[in-house]
Amino acid sequence: MAIDMTTLVPGFNDTVHDSQRVFRSLLDALSRPGSIVSIDAALPNNHALRDALAARVPLAAFASLIALTDYSTPVFMERDDPMLSDALRFHASAPVTRHRDEAAFVYIDNMDAMPPLDAFAQGDAETPEDAATLFIRVPSLSEGEPLVWRGPGIADQRSVAIAGIPRSFWCERAALVAQFPCGIDCYFVAGGSLVGLPRTTHVEVS
Amino acid sequence: MSTSPEPDVAASSTARRQWMAVLARTPRDALKAAFDAALEGASAPAYDWLRAPDIGLAMVRGRIGGTGDAFNVGEVTVTRATLRLKADEGSTSVGVAVHMGRDKERATLAALADALLQTPRYADRLQALLIEPLEARIAEERRRKEAEAASTRVEFFTMVRGE
């Protein structure tokens, strides 16, 4: 399918350095689970089309996806968004796939329409790095029900209040934790910020 | 790519292919001089980068004498750029340039020329002042090389005896 060039969203201003900065922020987010990381600094220039995109996709998710993906990382979108998939195909040459289990990166627009977590690649014992990384859009990173997170990267425990996550998600995820080193890493994204949830973190669901 | 507003897509894409071939074969100085002349001192229209000029490698493949399997001849450096004119220039046409070499300024000029050639406002002027002279220049250069090669040509023939 041809990319509609007239509505294509511009990418980073400085592709190399901006994607390095975004990559660094994403590393920080996963190494300190639960901390809110802003990646505003590296977002594309102010632009009418960018604002149109921001109304549909959090810019932090957009910047992360164009920084992380390339021709070898299929991306799956739970709700097909031509604007986002065109931008990914043009700026990152990333293939957009229709198969959940072959995606390296997944963008989930609406938590309510979330498929079961085991629909995505978990990696296997020899190649746990083949697991999918999920970008999940949430309404807020700090106004939800507080839950206790523990694990590597958290000194003792940390209370994280991400909004809009159904209980079933935490239960499914708890079932996957036993499969370590396989498992799924998630980022919860709202606007220009995100919170990382690596596969090693235990979330206590009371 | 659905970039061109013209109704006749097939004809416009052939024309576009022709001018892109001309732009890709023109050295930077000639391109810049012809472009400045075509704009007649007016400043170049505003545009956004969709892909700022970047340099990469492409594998060139070929076959000898047009027969046999294709093999990898070698890698060449390639510069590519994509830009889109701002809407207040009357059209949001998209210009693309992919060139051999590492000259980002040349890729910028060629992408801008490609975008402007798709706008009704600039198309005729650029076609007459930019593409046609450059095309003539390339044809002239090719004729010169052919003449040079022709002077060293060796004709092989077989004498037939005893008829």
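Two residues count as in contact if their C-beta atoms, placed from the backbone, lie within 7 Å. Keep that in mind for the two chains here.

Some ground rules. This is a predicted model, where local features need pLDDT of at least 70, side-chain atom pairs count only at pLDDT 80 or more, and totals for chains, interfaces and linings use all residues. Residues are numbered from 1 along each chain as its sequence is written, while chains are lettered from A and ligands numbered from 1 in the order in which they are written.

Now the interface. Nine residues of chain B are in contact with seven residues of chain A. On the chain B side, strand β1 (residues 47–62) gives the most, with three residues. Strands here are DSSP runs of E, at least two residues, numbered from the N terminus.

Next, that strand's pairing. Two strands pair if DSSP finds at least two bridges between them. β1(B) pairs with β2 (residues 71–85) of chain B, antiparallel, over 13 bridges. Gly56(B) has Val78(B) in β2(B) as its bridge partner. β2(B) is also joined to β3 (residues 94–100) of chain B, by seven bridges, and these two run antiparallel. There, Leu83(B) has Gly95(B) in β3(B) as its bridge partner.

Over to chain A. Which strands form the open sheet of three strands? The order is β7-β6-β10 (chain A), with antiparallel pairing. β7 (158–160) and β10 (202–204) of chain A are the edge strands, each pairing on one side only. β6 (residues 147–150) of chain A pairs with β7(A) over three bridges, in the antiparallel sense. Leu147(A) stands opposite Val160(A) in β7(A).

Definitions and conventions:
Helices (H or I, at least four residues) and strands (E, at least two) are DSSP runs, numbered from the N terminus.
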